[in-house]
Amino acid sequence: MEIEQKQPQLIEQFVKQASTLTLSSLPNLIVEATSHPSLFAFSEILAVPNLLQLEGTENSTYFELLRLFVHGTWTDYKSNAARLPQLVPVQVVKLKQLSVLTLAETNKVLSYDQLLQELEVANVRELEDFLINDCMYVGIVKGKLDHLRRSFEVQFAAGRDLRHGQLDSMMQKLTNWLDNSDNLLSTIQEKIKWAEMMSEADKNHKKEVKSRLQEAKKSLHHKASKQFRVHQESLYSEFDGEMDYEEDLSRSKRYFSSHIVHRAGYFS
């Protein structure tokens, strides 16, 4: 998101200023930083050695205010308002924006009732205007307003400064995610290997069926050819038999005729 890309440059700008200003000028710097419309990360500014010197001085409340903007919410400010500097309107908006980001860290569906209470907004109309104009339009969150269900479905939320111990938790979550990814990848690879084996087995089966089919065709052709030859030889044999019979009959007729003629000549 564009808003997150702006953070390093803005942080560097305020860190340089905080490193060079006198202690008396630091409260104004803190007010300026916590009022900036595009700055939502403050831990690096809080860690500047020059600012740490505010602790124990008459301006230490400004240091505590900056600390609040690092991890705190609007509810936290209301609980400690008596010992903190009074906020200007832009700081109020900023702290309420940060409060929405904090809520979105653990819940992706925020009810209007919860938001109305946490942000101390008068009504649903003002709440929706705040979410649209001061959160989604600014780019710190993306989501969908559901007026009927009285809820805000968070699709994206910019991250706030990490709390103490939160980095270890994030590292553990990333480690678990990597382990799950490795397991999933291993399962996918096994499925691919199984699919390849099945594909190869299918190819071999088709090849074997084709080979058997060709052998069957050859066998049928051979049998048909053999039967045709046997039938043909049988026909030839019958034809030769008929020829022999006719020849014998012809010979008999010739013999009989000659014999009759001979006898006739004898009696004459």
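S24 is exposed, because its relative accessible area is 58% (buried means under 20% relative accessible area, exposed over 50%, and partly exposed in between, with a 1.4 Å probe and protein chains only). The model is predicted, so that local features need pLDDT of at least 70 and side-chain atom pairs count only at pLDDT 80 or more, while totals for chains, interfaces and linings use all residues. Residues are numbered from 1 along each chain as its sequence is written, and side-chain values use heavy atoms, with hydrogens and water left out.

S24 belongs to the loop between α1 and α2. Helices (H or I, at least four residues) and strands (E, at least two) are DSSP runs, numbered from the N terminus. Between the C-alpha atoms of S24 and E58 there are 9.7 Å, although 34 residues separate the two along the chain.

Two packed helices are described by the angle between their axes and the distance between the axes. Helix α1 (residues 2-20) packs with helix α2 (residues 26-35) at an angle of about 170 degrees, and their axes are 10 Å apart. Axes are lines fitted to C-alpha atoms, for helices over the stretch in contact, and angles run from 0 to 180 degrees between N-to-C directions. The angle therefore makes α1 roughly antiparallel to α2 (under 35 degrees counts as roughly parallel, over 145 as roughly antiparallel, 65 to 115 as roughly perpendicular and the rest as oblique). In α1, the residues F14, Q17 and A18 meet L26, L29, E32 and A33 of α2; contact means heavy atoms within 4.5 Å. These residues divide into five nonpolar, one polar and one charged. Ala, Val, Leu, Ile, Met, Phe, Trp, Tyr, Cys and Pro count as nonpolar, Asp, Glu, Lys and Arg as charged, and the others, Gly among them, as polar.

Another helix pair is formed by α5 (residues 60-71) and α7 (residues 89-106), whose axes come within 8 Å and cross at roughly 35 degrees. Here L65, L68 and F69 of α5 touch Q91, K94, L95 and L98 of α7. By class, this contact has five nonpolar residues, one polar and one charged.

The strands of the chain may now be examined. Three of them form an open sheet in the order β1-β3-β2, with antiparallel pairing; two strands pair if DSSP finds at least two bridges between them. At the edges lie β1 (109-111) and β2 (141-146), each of which pairs on one side only. From one strand to the next, the twist averages 25 degrees. Helix α9 (residues 124-136) packs on the sheet and touches β2 and β3, its direction making about 160 degrees with that of β2.

Six bridges join β2 to strand β3 (residues 151-157) in the antiparallel sense. Opposite F152 in β3 stands L145, and opposite E153 in β3 stands K144. The hairpin of β2 and β3 has four residues between the strands, and R150 takes a positive phi near 55 degrees there.

Of its 268 residues, 27% count as buried.
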